[in-house]
Amino acid sequence: MSSFRSFTPDRIDALLPVSLRLHREWRSALETLSYGGALPPLPLALRTSLRDVAGLDLAHTLDGVDPFASPAFGILYSRLRADQVLRAVSARTNLTLAGTTVTAVGDGPLADALSTSLRTLGAAVIRATDAPVTALAARLDGFRVQALGELSSRDFPVHLTLLTGEGHGILPIDTLEGLVADASPGGAATAEVRTSPSSRPFVGQAGAAFLVEMPSPLPEAEVPPSSTQWRLLDALIALLLLDRHDAGDDDRFAREVTP
Amino acid sequence: MTGRIADPALWRAGQDRIDWARAHMPVTVALSDRLRAAGTVAGVRIGVSDVLEPKTATVALALAEAGAEVTVTSAGRNTDDEVAAALAHAGLPVYARADAGRSADRENALALLDHRPEVIVDDGASTIRLVHLERPDVVAEMRGATEQTTSGVRPLRRMHAEGALRIPVVAANDARSKSLFDNRHGTGQSVVFAVADVADRSLRGATVVVVGYGRVGSGIAEHAAALGARVIVTETDPVAALQAAFAGFAVRTLAQAAAEADIVISATGIRHTVDVAHLDALPTGAIVAVGGGVSQEIALDAARAAGAIEIARDGAVSTLRMPSGSLVHVLDDGNCLNVSAAEGNPVQIMDLSFGVQLASVEYLLTTPGLDAAVHELPRAADDEVAAIALASFGGTVDTVSTAQREFLASWIAEEEEEGDE
């Protein structure tokens, strides 16, 4: 597959530096690693290249290790994913973030990371959650808090709604307005939403809302992977290797992936 | 001559992008509706000389729809051929194509002047200067011009001081609705996101050195921090440097900061800001870019003369081997990255700037007796632009009460004024 042409023996160390170093440390032959949870499966072409070039077979299975069970992975993932999502919203819409009102839907570290970034660059952030503990923290941190059921009954414009997929069900997207971005790992939050084309690439219309397509957190088929997608894949493999060989030492994982 | 563009068949894609921009430009739409209703620009020949992308195209179309005879030009490096085609498709004479070099750019600007514009809406004051130098007969018939950049207003004030300016010019750049938002929020977002996208590099955990803490630099620092960078600011002005320190940023000299930089973004608009010694001190893998900016703000010519060699080029990323041996990635050859390698500033921010431009055109055409000088946009017009934008963002503004107005109008101290005991 042309998008993974860069994944050649002379470049793999640059693309997957942490996981390959760990892989060599244990001098294993072919490692078969499996992950479960919300992250999407790898494209078949990449899975094949990874096996042939690096000696790692990475499978997505129902009973695989859920990387989000690791707090350190959750921290790394949420920061990089927040960055990826905000960059995609900016590049795909050419609209401002400063000055806007943004609703971050969800109860986890991604909603936290998105809220912190957006507030720093000048957006008014609303945390939408039904989780009392998240609501408590958000209120004490100075965020306006909304229950999920109130999302479609607003008395002010919301320019962007970010669905993190963390701890909430499928929202009725067509009751929203403004931009909507599905930041969940596998796009599950909007998988069933039908959109009509807009005048803008990567943006579809659903009712009064404009759904902005988000890149996957991991490399995708047919699209050249970004450095963030390689970095998250590297972290995922490293986590699975540590889970197998080092009893899932989260401190070591954190040390290995800290820039 | 009715226009020179690259490919008229590109118009549909350009029109789609203009439609998207226009849907997010409430100020431009509101003010152009008023110009049309009042007939202010009906039959007036207006030359628009600006970066040619969907937002500027919206302004040109808005003026045309309000009844003006609009002609458009743009420098090749700032031209989007799809947008040029869309404007031509709408019937506007357009002199702009992306592959135009310096001499073709000049021919295109002169072609715009052949339409004998009565008003020039300029960006960088190049066309205002050109008409004074090359078409004095056109200047004689002009009613004025507007200029929207700091670097354009500066030479215009110089022209006025030397008695060379022959028309009234409104310094749209100086309006608060423009200057307080365009540089900090618009350029801040577009430069930082363009650096991350062009370099394909997350800023999380990176050390980003921002050179210059003016309006552009402060916006860049703020956005880089929001994306998880550790920001170091370098400044020559102690007050600006103190502001950076109070915003929570480390303040160092560029020579100190360069050694630990992952990314350097220059935001001074001054030639040779990032000089050869700074480039040479960067660690291998560092990225250098310019936001806003002028030619050779990164001293690339001098670096090559000192022995720097380009060893690789991947899209807009040029990799130089410096005499020190370190490899430095230069984004888009040190050009103004947010314009040259991305879509420019966000739509709603440009809406403020173009709202100010339209208000400036209205002021020029409805104010008799403006002399040949650089004028500020009146406060009321500036306020109106901000109020329309505020409403679109969901904000509402208070009004001054009678008691407040009386206090503000009086110079006599109240007898029972607090704090005088």
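**Note on the predicted two-chain model**

1. Begin with strand S10 (residues 209-212) of chain A. A:Ala209 and A:Leu211 point one way from the strand, A:Phe210 and A:Val212 point the other way, and all are buried. Buried means 20 or more other C-beta atoms within 10 Å of the residue's own; 12 or fewer is exposed, and in between is partly exposed, with C-beta atoms placed from the backbone. Helices (H or I, at least four residues) and strands (E, at least two) are DSSP runs, numbered from the N terminus.

2. On provenance: this is a predicted model, in which local features need pLDDT of at least 70 and side-chain atom pairs count only at pLDDT 80 or more, while totals for chains, interfaces and linings use all residues. Residues are numbered from 1 along each chain as its sequence is written, and chains are lettered from A and ligands numbered from 1 in the order in which they are written.

3. S10(A) pairs with strand S7 (residues 178-182) of chain A, parallel, through four bridges. Two strands pair if DSSP finds at least two bridges between them. A:Leu179 has A:Phe210 as its bridge partner. Strand S9 (residues 203-206) of chain A also pairs with S10(A) over four bridges, in the antiparallel sense. S9(A) and S10(A) make a hairpin with two residues between them, and A:Gly207 in the turn takes a positive phi of about 65°.

4. Look next at A:Leu16, in the loop between helix H1 (12-15) and helix H2 (17-25) of chain A. A:Leu16 counts as buried because it has 25 C-beta neighbours inside 10 Å. Its C-alpha atom is 4.9 Å from that of A:Asp234, 218 residues apart along the chain. Beyond its neighbours within four places in sequence, A:Leu16 contacts A:Ala54, A:Trp230, A:Leu233, A:Asp234 and A:Ile237. Contact means C-beta atoms, placed from the backbone, within 7 Å.

5. Helix H4 (residues 71-93) and helix H7 (residues 227-245) of chain A pack at about 170°, axes 10 Å apart. Axes are lines fitted to C-alpha atoms, for helices over the stretch in contact; angles run from 0 to 180 degrees between N-to-C directions. H4(A) and H7(A) are therefore roughly antiparallel. That label applies over 145 degrees; under 35 is roughly parallel, 65 to 115 roughly perpendicular and the rest oblique. The contact includes A:Phe73 and A:Leu76 of H4(A), and A:Thr228 and A:Arg231 of H7(A).

6. In chain B, eight of the nine residues of helix H4 (residues 81-89) are buried, so the helix is largely enclosed by the rest of the structure. Among what covers the buried residues are helix H1 (11-22), helix H3 (54-65), strand S2 (69-73) and strand S3 (94-95) of chain B. Just after H4(B), B:Gly91 has a positive phi of about 100°.

7. Chain B also has an open sheet of eight strands with mixed pairing, in the order S9-S8-S7-S10-S11-S14-S13-S12. Strands S9 (250-251) and S12 (309-314) of chain B are at the edges, each with a single partner strand, so one side of each lacks a neighbour in the sheet. Strands S10 (residues 263-266) and S11 (residues 286-290) of chain B pair in the parallel sense over four bridges, and B:Ile263 stands opposite B:Ile287. Helix H10 (residues 182-199) of chain B packs on the sheet, with its direction at about 125° to that of S14(B).

Note on methods:
Two residues are in contact if their C-beta atoms, placed from the backbone, lie within 7 Å.
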